[in-house]
Amino acid sequence: MRNIPFFDTPFGIASLVLKEIPYSACAYITVQSALDLDKLLEECVSFCRMVGAEKIYATGSEELSCYPLWMQVLQMR
């Protein structure tokens, strides 16, 4: 599975890390810029689920603090 450095939608731009899906069914979203964060996340999550992700984590925006925190803190390199 390849990562998508720039997942471009009408609602903003995000980076998707998909390479962990075959191993742990996890995908990661990094918001680069968002005009409408809810709709951007909806599109990103939909795409990640279509390619097999069961757990999806997001970072990169202060507005994400309104979402429930149900994740581990991971450092990606």
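**Close-up views of a predicted model**

**View 1. Residue Y28 stands opposite Y57 of strand β4.** The structure shown is a predicted model. Strand β3, which covers residues 26–34, pairs with β4 in the parallel sense. Five bridges link β3 and β4. In general, the strands of a sheet pair through backbone hydrogen bonds, and the pairing may be parallel or antiparallel.

**View 2. Four strands form an open sheet with mixed pairing.** The order of the strands across this sheet is β1-β2-β3-β4. Strands β1 (4–9) and β4 (55–59) are the edge strands, each of which pairs on one side only. From one strand to the next, the twist averages 30°.

**View 3. Helix α2 lies across β1, β2, β3 and β4.** This helix comprises residues 37–50, while strand β2 comprises 12–17. Relative to β3, helix α2 runs at about 150°.

**View 4. The protein contains two helices and four strands.** Which order do the elements follow from the N terminus on? They run β-β-α-β-α-β. Contacts can also be considered by separation in sequence: among those between residues at least 6 apart, 48% join residues at least 24 apart.

Technical notes
Residues are numbered from 1 along each chain as its sequence is written. This is a predicted model: local features need pLDDT of at least 70, side-chain atom pairs count only at pLDDT 80 or more; totals for chains, interfaces and linings use all residues. Side-chain values use heavy atoms; hydrogens and water are left out. Contact means heavy atoms within 4.5 Å. Two strands pair if DSSP finds at least two bridges between them. Axes are lines fitted to C-alpha atoms, for helices over the stretch in contact, and angles run from 0 to 180 degrees between N-to-C directions.
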